[in-house]
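Please read this briefing alongside the sequence and the model shown below.

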Amino acid sequence: MQPSTSGALSILNERLLYIDTPVGPLEIKGDDQFVSGVNFREQMGISDPSPPQVLLDCARQLEEYFAGKRLGFELPISQSGTEFQQTVWSQLCVIPYAITISYQQLANRIGNPKSIRAVGTTNGRNQIAIIVPCHRVIGSNGSLTGYAGGLWRKKWLLEHEHKVKHGSLTLF
């Protein structure tokens with residue numbers, strides 16, 4: 001099941017939950033209904049003393065992902081964006097676990113092959129890392145290009161997924 005992308009998040013009710021992961025601290029943002037952000041941080045922040053259940057579910061699912069026990073996410077998500085951005089983010093959610101596609105392939109999938117730069121920019125504006133798997137988009141020549149969390153994290157995530165799915169295969 002793919003994440004739901006409906007609804008609009010209220011910033012006034014936004015809560016934070018931090019978890020430690022193999023790629024460093026993650027900040028999970030959301031309200032009582034939706035996860036609105038999963039972002040890499042350099043240090044742990046202060047979590048809300050009583051985070052909503054949806055954030056706890058997100059933390060659990062991310063921990064399962066890092067443990068190699070989860071290949072997909074079942075969470076209600078919401079991030080603000082234009083219709084074009086929402087289309088790109090929706091397409092990111094259907095890239096299978098441990099599979100990569102190019103920015104050009106992503107532009108083709110949304111029916112706009114000339115939008116490759118806009119697709120790249122939108123990919124970089126994704127606020128829900130890992131769950132909306134922008135790390136699975138690479139350069140047409142197979143190179144790792146651009147990642148808001150840093151290329152080392154993108155490499156780690158891709159290698160982790162391949163190792164879980166295919167054994168000890170190392171890609172990069």
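The notes below begin with the basis of the values and then describe the chain.

This is a predicted model, in which local features need pLDDT of at least 70 and side-chain atom pairs count only at pLDDT 80 or more, while totals for chains, interfaces and linings use all residues. Residues are numbered from 1 along each chain as its sequence is written, and side-chain values use heavy atoms, with hydrogens and water left out. The chain holds 5 helices and 5 strands, where helices (H or I, at least four residues) and strands (E, at least two) are DSSP runs numbered from the N terminus.

**Overall form**

- Along the sequence, the elements follow the pattern β-β-β-α-α-β-α-α-β-α.
- The radius of gyration is 16 Å, close to the 16 Å that the globule rule gives for 172 residues, so the chain is as compact as a globular protein of that length; this radius is taken over C-alpha atoms, and the rule is 2.2 Å times the number of residues to the power 0.38.
- Taken along the principal axes, the C-alpha atoms fill a box of roughly 45 × 40 × 30 Å.
- Of the 172 residues, 47% are buried, where buried means under 20% relative accessible area, exposed over 50% and partly exposed in between, with a 1.4 Å probe and protein chains only.
- The accessible surface of the chain comes to about 8600 Å², of which 51% belongs to carbon and sulfur atoms; the areas come from the Shrake-Rupley method with a 1.4 Å probe, and for residues only the protein chains shown count as cover.
- Among contacts (heavy atoms within 4.5 Å) in the chain with a separation of 6 or more, 58% are accounted for by residues 24 or more positions apart.

**The three-stranded sheet**

- An open sheet of 3 strands is arranged in the order β1-β2-β3 with antiparallel pairing, two strands being paired if DSSP finds at least two bridges between them.
- Because β1 (15-19) and β3 (35-40) stand at the edges with a single partner strand each, one side of each is left without a neighbour in the sheet.
- From one strand to the next the twist averages 20 degrees, with axes being lines fitted to C-alpha atoms, for helices over the stretch in contact, and angles running from 0 to 180 degrees between N-to-C directions.
- β1 and β2 run antiparallel and are joined by 5 bridges, with L17 standing opposite I28 in β2; the two strands form a hairpin with 6 residues between them, and G24 in the turn has a positive phi of about 100 degrees.
- Strand β2 (residues 26-30) also pairs with β3 in the antiparallel sense over 5 bridges, L26 standing opposite F40 and G30 having V35 as its bridge partner, in a hairpin with 4 residues between the strands.
- β3 is mostly covered, as 6 of its 6 residues are buried.

**The nonpolar core**

- The largest nonpolar core has 40 residues, of which I28, L62, I130 and I131 touch the most other members; such a core is a set of buried Ala, Val, Leu, Ile, Met, Phe, Trp, Tyr and Cys residues joined through side-chain atoms within 4.5 Å.
- The elements that give two or more residues to this core are β1, β2, β3, α1 (53-66), α2 (83-92) and α3 (103-109), and α1 gives the most, with 7 residues.
- In soluble globular proteins, nonpolar side chains tend to be buried together.

**Loop residues**

- I130 lies in the loop between α4 (116-124) and β5 and is buried, with a relative accessible area of 1%; not counting residues up to four places away in sequence, I130 touches L26, F40, L62, Y65, F66, F73, H135 and L157.
- Most residues other than glycine have a negative phi.
- I130 has a positive phi of about 70 degrees although it is not a glycine, and A98 likewise has a positive phi, near 70 degrees.
- A98 is found in the loop between α2 and β4 (101-102) and counts as buried at 2% relative accessibility.
- P49, in the loop between β3 and α1, is exposed with a relative accessible area of 82%, and its C-alpha atom is separated by 30 Å from that of C93, 44 residues apart along the chain.
- G142, in the loop between β5 (137-138) and α5 (151-166), counts as partly exposed at 32% relative accessibility, and the C-alpha atoms of G142 and S102 are separated by 7.6 Å although these residues are 40 residues apart along the chain.
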